Amino acid sequence: LSQVLAPCPLTEEVLKEGLSLLCKTGNGLAHAYVKFEAKYKDLTDISLLKCFIHLRYVDLSENKLQDLSPLSSLTHLLWLKVDGNLLTSACMQELPYLQIISFARNRIKDMEGITHPRLANLSLKGNKIQTALGLSHGQLFSLQILELRGNMLESTAGLNLPKLKNLYLAQNAIRSLEGLEGLGQLMTLHLRDNHLETLDGFCSSMKCLQYLNLRNNGISSLQEVAKLQVLPMLQALVLLDNPCSDEPNYRLEVLVLLPHLQRLDKELFEQDERAEANKICQKRQEEEK
């Protein structure tokens, strides 16, 4: 339902108030303001920004914006924050230098039309995204941090971004892990507060993954945890508030399965735990012979 809002366009006065940071422009001869901030102004229309082509940092958080098209002429934009607006799409004209965008707490339903080639950090937390399948991974060569906490995702399909290092997916409705094989540089993966019951979908191509948070899912057996053996660099794992964390000798059993692990549920493994896990391991191997 698109809201009928009392129009509240950006005025010259609010514009003058919000401009700051005087810098040299391209040819080094002229100066222009490169930063603009207008928060909590109930703005519905930012057409006036079209002419301010030298802006590099723009913060329009906590307004009533539904349309960002006037920003398409700001080709020098490096950093954009539009948290807490009424946007239903993150689609924008491609901006060549844009590196950081935050669209937190809007009404965005999909991930289509995000194509900025230098984008390194993208936040879409607290939106209404149900699938990542529209993501233009062909264009997002530089994306390293993707924040999707508090959406409605049911699967990870579509998130295969080659340069991604940190992926935050807590507080979604994820039941299945799919399409993770392309995440060869991922170091941190947050999946807290989801609906995972199995741990299929991890693969050995995820050779940089060091930190995995699975707190408060539905993983009931340690047999599922064994599937994490494919992750060669895993050092820290969080499994609190899963049924499997109530099993007897839980810490020891996880260490038997994943001897490279450094910490479980924020607690480092002590030497004596390692020794004990080693013993159990050897004993079981001999019993199998």
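A residue counts as buried when its relative accessible area is under 20%, as exposed when it is over 50%, and as partly exposed in between. Arg105 has a relative accessibility of 41%, so it counts as partly exposed. Keep in mind as you look around that this is a predicted model.

Arg105 sits in the loop between strand E5 (100–102) and strand E6 (121–123). Its phi is positive, about 55 degrees, although Arg105 is not a glycine. That's worth a glance, because most residues other than glycine have a negative phi. Leu21 is another case: its phi is near 60 degrees, again a positive value in a residue other than glycine. You'll find Leu21 in strand E1 (residues 19–24), and at 44% relative accessibility it counts as partly exposed.

## The chain as a whole

Now step back. The protein chain has 289 residues, and 43% of them count as buried. Its secondary structure comes to four helices and 13 strands. Taken along the principal axes, the C-alpha atoms fill a box of roughly 80 × 45 × 30 Å.

How do the contacts run along the sequence? Among those between residues at least 6 apart, 31% join residues at least 24 apart.

## Two domains and what lies between

Where the two meet, 14 residues of domain 1 are in contact with 14 residues of domain 2. About 1,200 Å² of area is buried between domain 1 and domain 2, and carbon and sulfur atoms give 58% of that. As for polar links, there are 13 residue pairs in polar contact between domain 1 and domain 2, with both residues at pLDDT 80 or more. The count of salt bridges between domain 1 and domain 2, on the other hand, is zero.

## The nonpolar core

Which residues have the most contacts inside the largest nonpolar core? They are Phe103, Phe202 and Leu237, in a core of 80 residues. Helix H1 (12–18), helix H2 (222–225), helix H3 (250–257) and helix H4 (271–288) are the elements that give two or more residues to this core. H3 supplies the largest share, five residues. Both domain 1 (1–134 + 141–152) and domain 2 (156–284) give residues to the core, so it lies between them.

Leaving aside neighbours within four places in sequence, Phe103 is in contact with a set of residues including Leu68, Val82, Leu87, Met92, Ile108 and Leu122. Asp83, Ser123, Lys125 and Asn127 are also among the residues in contact with Phe103.

## A closer look at helix H3

Is H3 enclosed or open? Six of its eight residues are buried, so H3 is largely enclosed by the rest of the structure. The buried ones are Tyr250, Leu252, Glu253, Val254, Leu255 and Val256. H2, strand E11 (236–238), strand E12 (263–264) and H4 are included in what covers them.

Glu253 is part of helix H3. Why does Glu253 count as buried? Its relative accessibility is 18%, and the cut-off for buried is under 20%, so Glu253 falls on the buried side. Not counting residues up to four places away in sequence, Glu253 touches Leu222, Pro248 and Arg284.

Conventions
Residues are numbered from 1 along each chain as its sequence is written. This is a predicted model: local features need pLDDT of at least 70, side-chain atom pairs count only at pLDDT 80 or more; totals for chains, interfaces and linings use all residues. Side-chain values use heavy atoms; hydrogens and water are left out. A nonpolar core is a set of buried Ala, Val, Leu, Ile, Met, Phe, Trp, Tyr and Cys residues joined through side-chain atoms within 4.5 Å. Buried means under 20% relative accessible area, exposed over 50%, partly exposed in between (1.4 Å probe, protein chains only). Domain bounds come from an automatic or database domain assignment. Contact means heavy atoms within 4.5 Å. Buried area is the accessible area (1.4 Å probe) that two parts lose on being put together, summed over both. A salt bridge is a side-chain nitrogen of Lys or Arg within 4 Å of a carboxyl oxygen of Asp or Glu. A polar contact is a pair of N or O atoms within 3.5 Å; within protein, one must be able to donate a hydrogen and the other to accept it, and residues adjacent in sequence count only if both atoms are side-chain atoms.
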